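Here's a quick briefing for anyone meeting this structure for the first time. Have a look at the model, then read on.

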Amino acid sequence: MSETYYKHDGIIYIGTFPPEWIKTHANDDTGPKECPNCASYGSYKGVFIGYCLNCADYIYHGARGHGFYIYDDDINVKEITFINTEYPRAMETYLKGVNIEKIVDKILNKIMEEHPREN
Ligand SMILES: [Zn+2]
């Protein structure tokens with residue numbers, strides 16, 4: 001398993017989120033920096049997990065997962081399954097076997113330890 005998280009441009013990404021995808025966010029208007037829906041519905045407790053439904057469907061057509069619908073403090077992290085794609089869900093690819101609640105708590109603790117004054 002890779003790092004629990006990484007930071008890019010001030011955003012905390014879950015460690016298994018493919019970093020090469022970030023390179024297209026500015027062009028595609030996707031991701032937590034460019035898309036407010038990604039920032040809110042694709043993030044859990046401030047950690048970016050995956051794309052919102054709109055970006056996942058309209059822009060990437062499922063190739064980067066099926067899109068998340070997360071409320072910040074919602075303990076049930078939801079990834080929607082849509083029917084018209086041959087691509088698997090994020091929970092079956094880069095998030096396979098990842099306990100999001102557990103890992104996000106770990107990330108937040110780790111950040112707190114590393115940067116106590118930022119919190
Ligand atoms: Zn989005």
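**A tour of the fold**

Asp9 sits in the loop between β1 (5-8) and β2 (11-14), where strands are DSSP runs of E with at least two residues and helices are DSSP runs of H or I with at least four, both numbered from the N terminus. Before going further, note that this is a predicted model: local features need pLDDT of at least 70, side-chain atom pairs count only at pLDDT 80 or more, and totals for chains, interfaces and linings use all residues. Residues are numbered from 1 along each chain as its sequence is written.

**Overall layout**

- The protein chain has four strands and six helices.
- Read from the N terminus, the order of elements is β-β-α-α-α-α-β-β-α-α.
- Of the 119 residues in the protein chain, 32% are buried; buried means 20 or more other C-beta atoms within 10 Å of a residue's own, exposed means 12 or fewer, and partly exposed is in between, with C-beta atoms placed from the backbone.
- Take the contacts between residues at least 6 apart in sequence: 39% of them join residues at least 24 apart. A contact here means two C-beta atoms, placed from the backbone, within 7 Å.

- β1 and β2 run antiparallel and are joined by four bridges; strands count as paired if DSSP finds at least two bridges between them.
- Lys7 has Ile12 in β2 as its bridge partner.
- Two residues lie between the strands of this hairpin, and Asp9 takes a positive phi near 55° there.
- Asp9 is exposed, with 11 other C-beta atoms within 10 Å.

**Another positive phi**

- Lys45 isn't glycine either, yet its phi is positive, near 50°.
- You'll find Lys45 in the loop between β3 (43-44) and β4 (47-48).
- Lys45 counts as partly exposed, with 16 C-beta neighbours inside 10 Å.

**The largest nonpolar core**

- This core has 21 residues, and Ile14, Val47, Ile49 and Cys52 touch the most other members. A nonpolar core is a set of buried Ala, Val, Leu, Ile, Met, Phe, Trp, Tyr and Cys residues joined through C-beta atoms within 7 Å.
- At least two residues each come from β2, α4 (36-41), β4, α5 (53-59) and α6 (100-114).
- α6 gives the largest share, four residues.
- Leaving out residues up to four places away in sequence, Cys52 touches Cys35, Asn37, Cys38, Tyr41, Gly42, Gly67 and Phe68.
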